[in-house]
Amino acid sequence: MNAQQPLPLIGVTMGDGAGVGPEVIVPAVLDAATLSRCRPVVIGDAARLREAARILGTDCEIVTVPDPAAAETAPGRINVVDLGVLPEGLPWGVLSAAAGNAAYEYVKRAAELALAGEIDGICTAPLNKEALHAAGHVYPGHTELLAHFTGVEEVSMMLSTEKVKVIHVTTHIGLIDAVNRIEPGLVERTVRRGHEAMVRAGVAEPVIGVCGINPHAGENGLFGYGEEEQKIVPALETVRRDGIDARGPLPADTAFFLASRGDYDLIVAMYHDQGHGPVKVLGIEAGVNLTVGLPVIRTSVDHGTAFDIAGTGKAEAGSMIEALRQAAEMSTAR
């Protein structure tokens, strides 16, 4: 990042206040490495964060700010856009419609701030889908909530590790359904979203490797029924005409090895396990889930609300620290 640019402002949503979100946020936003990369601003409830800090035995100053621009970054200070929507005395580790509604409100405010250009990225602590639904907000999770609030119809999942970044054309559907859903328009839009995300992250001319669907990418029609030629090649021809360096279709069994040694900045996987399997082998301990296609990059921790240990001070903040690192890396400072 250019030394003359300000560090990116990252909105950190508190997630379900009955879960471990507050307990992983406190140490993560105080972490010296985090503060060297970004300016974190929590969107949540200041009172709950103070309770989490007390449980952790962490000496810090939790300061409410009216907006992210008013936040002052300093060691030992946590800036909070305080929505004050959690009820006093909310029990830890218990499913609650009140906590589900609060998590909804945090995400809504983050989306509003993103649309207003007041934050450069979003990092989310976990919410609980059952609590969200109990509050009357029937969404599968953060991705769909953010897409709704920002008016975006289609987003993509990207998994990111130090060695490999992969974006998915399809994700949580069956394999037969995935093959049927893949078509040139969807492949093209996914490649473009991936290209845009990499450019935002500072890779001016990313090299993108695009996997095939069949073994050996069909091996010139030997495997499959011409899916690569019908569904992928037209998309690649279109994006290349616009100057995007997208190569393929590639045999998936070698694409990730080539990416891990630096041949590709980003791999486009056609379906869930094609991308998730190799990434988890290469870096499950440091992998972060990103949503691309929103007005800002959104990253998330790789764990849930962990009600069984919430309020005990046992939650590890490593995943939140890594999610913040990658939110900063993939966001563009204003």
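Ala217 sits in the loop that joins S8 and H9. Helices (H or I, at least four residues) and strands (E, at least two) are DSSP runs, numbered from the N terminus. A word on the model: it is predicted, so local features need pLDDT of at least 70, side-chain atom pairs count only at pLDDT 80 or more, and totals for chains, interfaces and linings use all residues. Residues are numbered from 1 along each chain as its sequence is written, and side-chain values use heavy atoms, with hydrogens and water left out.

| Residue | Phi | Relative accessibility |
|---|---|---|
| Ala217 | about 55° | 14%, buried |
| Ala306 | near 50° | 27%, partly exposed |

Buried means under 20% relative accessible area, exposed over 50%, and partly exposed in between (1.4 Å probe, protein chains only). Ala306 belongs to the loop between strand S12 (297-300) and helix H12 (318-330).

Now to H9 itself. Its 15 residues (227-241) should span 21 Å at 1.5 Å a residue, and the end C-alpha atoms are 21 Å apart, which agrees; the expected span is 1.5 Å times one less than the number of residues. A kink of about 35° lies at Val233, shortly before Pro234. The bend is the angle between axes fitted to the seven residues ending at a residue and the seven starting there.

Among the buried residues of H9 are Ile232, Val233, Ala235 and Leu236. The buried residues of H9 pack against helices H7 and H8 and strands S8 and S9, where contact means heavy atoms within 4.5 Å.

Just after H9, Gly243 has a positive phi of about 85°. In strand S9 we find Pro249, and the peptide bond from Gly248 to Pro249 is cis, with omega near 0°.
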